[in-house]
Amino acid sequence: MIVNFFVLSPRGDTVIAKTYRAKAGSSLLAHERSHTEAFFRKVKFWDGVAPGTPGMDTTLGLTGGLGGAAGGKWGEEKLEKKGDAPPVFVMPDGYSYMHIKRNGLIFGCATEKNVSPVVVIELLSKIAKVFKDYCGTLSEESIRKNFILLYELLDELLDYGYPQVTQTENLKAFVYNEPIVVSKVADTGKMINPKTANASAVHKPVISSVDADGRKTSLSANQKNEIFVDILERLNVVFSNNGYVLNSTIDGCIQMKSYLAGNPQLRLALNEDLVIGKNNGSSSAYSSYTFVDDINFNDCVNLTEWENGRTLSFHPPDGEFVVLNYRMTGEFKAPFRIFPSIEEVEPNKLEIAVHIRAEIPDNHFGANVSIEIPLPGITTAASCSVVSTPAAVGVHAEYVTKEKKIVWNLKKFPGCTEQTMRAKVSLGGPCTSQIRREIGPINMNFEIPMYNVSSLQVRYLKIAENLPGYTPYRWVRYVTQSSSYVCRL
């Protein structure tokens, strides 16, 4: 199935690599080193064309080693990035390379057979999940300190390149090394509600571990009975240039991580007014209900009480797992509305204004908000100014000359407020209709803690059996993120 597997750091260093099969007579070490370097260079500076395309130069600097086109700097002078690399593409060595990104790390593999890309991408996601379950956190430091454990896991996960055992709980019987716990990676969302942020136990490994001082920590010793529940929603919204929503979808999931002793049966109850199916929600009688288009459940979930009481029962497996996925399309209240305007003040000068209104309650806020506005290729200069409310934190806008775009960042965007950015753009020639089409679309990224758009709620989470003295801690968190939040110009 796959020829090799590797994990690359954000700098392109090979953190873990394992070869499962190779062509006869080839040097495994030289092939692995040179081609992972070429793969990383291609991902980092994607030019929009796979190097295996007929009729183009497919050397990619391999003939000259690291000094080929890159000169030791990953080819920054001669390679121009055009968007993100696709998860699957062909390299000059004849292999198809597939990869995913997790916490800045690249999990990748190569295959010479005609395999299903979806299967391989799912396999890479499973490997990343297992690594996180056994290390506690998924970072370059945790992988480097636990490489013996992770190589042991890879021996059980894959045999001659074919997947064998990929479930966290099933791997426990075959793994004998203990993880070394590292300090938690820096949290980018430090503004998240402190009632949920202090639940650091979610980063514990699923098996007994060794801390940085070499002291063994057992899962059963002085451990709280805890369970973590995340309701995650990713928004895909397209706005017109006058602020109207053209298309909108929500991709949501409920995921859990359990540290309950004895693995008791749990009962999870959702909204009683939850309606499944778009046709069911079209009637005016259901106007006040919460409805989703479709929903699918984990195999461990018992649906006996679902139809009558919207209640799920299950024994939580080890590690992090998704209880259910759901999807919602149609009209819903977008958390942010974007209103752009472009004015041609002179033949080679433009004034761009972007007005954003937060339509979330004033007790919520958008965290780590980033707005990108691509500009024409003939842009020579741009100056930015922002008009923000006093409650907004970390407001900054600048023109990135190398990438020809304006980047507007806000660390905190309070609800029920409005923010405006104005830019004066100078062009190297007259603004024709073709040049004007190069402006945009506006792309917005954000995260809203303790808020969800679909109104899907957890009514309760409890243990099915009444066990005396068994008082678990429950951590429930709602997070809304932008997946593709775009405004056309």
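Modeller: Strands of a sheet pair through backbone hydrogen bonds, either parallel or antiparallel. Here β19 and strand β24 (residues 418-427) pair in the antiparallel sense over 9 bridges; two strands pair if DSSP finds at least two bridges between them. Helices (H or I, at least four residues) and strands (E, at least two) are DSSP runs, numbered from the N terminus. The bridge partner of Lys349 in β24 is Ser426.

Colleague: On what basis do these values rest?

Modeller: The model is predicted, so local features need pLDDT of at least 70 and side-chain atom pairs count only at pLDDT 80 or more, whereas totals for chains, interfaces and linings use all residues. Residues are numbered from 1 along each chain as its sequence is written, and side-chain values use heavy atoms, with hydrogens and water left out.

Colleague: Through how many residues does a hairpin join β18 to β19?

Modeller: The hairpin that joins β18 to β19 runs through 2 residues. Strand β18 (residues 336-346) and strand β19 (residues 349-358) are antiparallel, with 10 bridges, and Pro340 stands opposite Val354 in β19.

Colleague: What is the strand order of the open sheet of 9 strands?

Modeller: The order is β15-β17-β11-β10-β27-β25-β20-β23-β22, and the pairing is mixed. At the edges stand β15 (294-297) and β22 (396-400); each has a single partner strand, so one side of each is left without a neighbour in the sheet. On average, neighbouring strands of this sheet are turned by 15 degrees against each other, direction ignored. Ile295 stands opposite Tyr326 in β17. Helix α2 packs on the sheet, where it touches β11 (245-259) and β17, and its direction makes about 130 degrees with that of β17. Contact means heavy atoms within 4.5 Å.

Colleague: How should I read the packing of two helices?

Modeller: Two packed helices are described by the angle between their axes and the distance between the axes. Helix α2 (residues 117-135) packs with helix α4 (residues 147-157) at an angle of about 140 degrees, and their axes are 11 Å apart. Axes are lines fitted to C-alpha atoms, for helices over the stretch in contact, and angles run from 0 to 180 degrees between N-to-C directions.

Colleague: Why are α2 and α4 described as oblique to each other?

Modeller: Angles under 35 degrees count as roughly parallel, over 145 as roughly antiparallel, 65 to 115 as roughly perpendicular and the rest as oblique; α2 and α4 are therefore oblique to each other. The contact is made by Ile127, Val130, Phe131, Tyr134 and Cys135 of α2 with Leu149, Leu150, Leu153, Leu154 and Leu157 of α4. These residues divide into 10 nonpolar, no polar and no charged (Ala, Val, Leu, Ile, Met, Phe, Trp, Tyr, Cys and Pro count as nonpolar, Asp, Glu, Lys and Arg as charged, and the others, Gly among them, as polar).

Colleague: Is Thr290 buried or exposed?

Modeller: Thr290, in strand β14 (residues 290-292), is buried, with a relative accessible area of 8%. Buried means under 20% relative accessible area, exposed over 50%, partly exposed in between (1.4 Å probe, protein chains only). Leaving aside residues up to four places away in sequence, Thr290 touches several residues, including Asn271, Asp273 and Ser454. Tyr95, in the loop between β3 (88-90) and β4 (96-102), counts as buried at 3% relative accessibility.
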